[in-house]
Amino acid sequence: KYVDTGEPMPHFKGDLKFLAERMKLKCPPLPLSTKQEHLIYNDYLKSHPQPATKNWDELAQIFKNITNGKTVFPKLPSMLKRYSDQWSKNQSIKMIGMQIRGGYNQVLLKLSSERA
C-alpha cells in the first residue's frame, strides 16, 4: 500500500540496493532525512495541524507517489507519526527564537536611539 514491490531502482548502489533487494521493493521506506522530504512534511502539517490516522495514511501515499529514490523515499505512516513529536518541538523552538529575536531587535533599536 505504501511501497512498490519489484526490482530495485537502477541507480541504487551499496546499502540502498541491498535493502531494496532484501525487501523485494523498488525503493525501501526510510525515515525523513532529505531537505525535500522535510519541506513536504512541513507543508502538509501546516494544512493539517492536528493529524489523525487517516492523515498519516494520506501523507504516506503522497510520499509514495513522488518517490524518486534520490531526494524522496517512501514512508510508512508509523514513521511519519513518530516524527511529529520532534517536528512539534522544532516548531516551538522556532517560535521562541522568533519571539526572542523580536525582543532583541527592539532592545537594539532603543539602545541605538538613546545614543543618537
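Which residues make a nonpolar surface patch of about 260 Å²? I looked this up and found F18, L19 and M23. For patches I took residues with over 30% relative accessible area and no salt bridge, joining like charges within 9 Å and nonpolar side chains (Val, Leu, Ile, Met, Phe, Trp, Tyr) within 5 Å. Accessible areas come from the Shrake-Rupley method with a 1.4 Å probe, and for residues only the protein chains shown count as cover.

Basis of the entries. I worked on a predicted model, where local features need pLDDT of at least 70, side-chain atom pairs count only at pLDDT 80 or more, and totals for chains, interfaces and linings use all residues. I number residues from 1 along each chain as its sequence is written, and side-chain values use heavy atoms, with hydrogens and water left out.

Entry on M23. I placed M23 in helix α1. M23 has a relative accessible area of 41%, so I list M23 as partly exposed. My classes are buried under 20% relative accessible area, exposed over 50%, and partly exposed in between (1.4 Å probe, protein chains only).

Entry on the fold. I counted four helices and zero strands, in the order α-α-α-α along the sequence. Helices (H or I, at least four residues) and strands (E, at least two) are DSSP runs, numbered from the N terminus.

Entry on overall dimensions. I noted a radius of gyration of 20 Å, whereas a compact globule of 116 residues would have one near 13 Å. The radius is taken over C-alpha atoms, and the globule rule is 2.2 Å times the number of residues to the power 0.38. Along the principal axes, the C-alpha atoms fill a box of roughly 70 × 35 × 20 Å. Buried residues make up 28% of the 116 residues. The protein exposes about 8300 Å², with 57% supplied by carbon and sulfur atoms. Of the contacts (heavy atoms within 4.5 Å) with a separation of 6 or more, 51% join residues 24 or more positions apart.

Entry on the cores. A nonpolar core is a set of buried Ala, Val, Leu, Ile, Met, Phe, Trp, Tyr and Cys residues joined through side-chain atoms within 4.5 Å. The largest has 14 residues, and L32, Y41, L45, W56, L59, F63 and L80 touch the most other members. Helices α2 (35-47), α3 (53-66) and α4 (77-115) each supply at least two residues of this core. I also found a second, separate core of five residues, which includes F12, A20, C27 and L30.

L45 is in contact with P51, W56 and W87. S84 lies in helix α4 and is in contact with Y41 and W56. S84 has a relative accessible area of 14%, so I file S84 as buried.

Entry on salt bridges. How many salt bridges are there? I get two, taking a side-chain nitrogen of Lys or Arg within 4 Å of a carboxyl oxygen of Asp or Glu. K64 and D4 pair at 3.4 Å, N to O. K64 is in helix α3 and D4 in the segment before α1 (14-23), 60 residues apart. K64 is partly exposed at 22%, and D4 is also partly exposed, at 37% relative accessibility.

K75 and E37 pair at 2.6 Å, N to O. K75 sits in the loop between α3 and α4 and E37 in helix α2, 38 residues apart. Buried or exposed, for K75 and E37? I have both as buried.

Definitions and conventions. Lists of a residue's contacts leave out its neighbours within four places in sequence.
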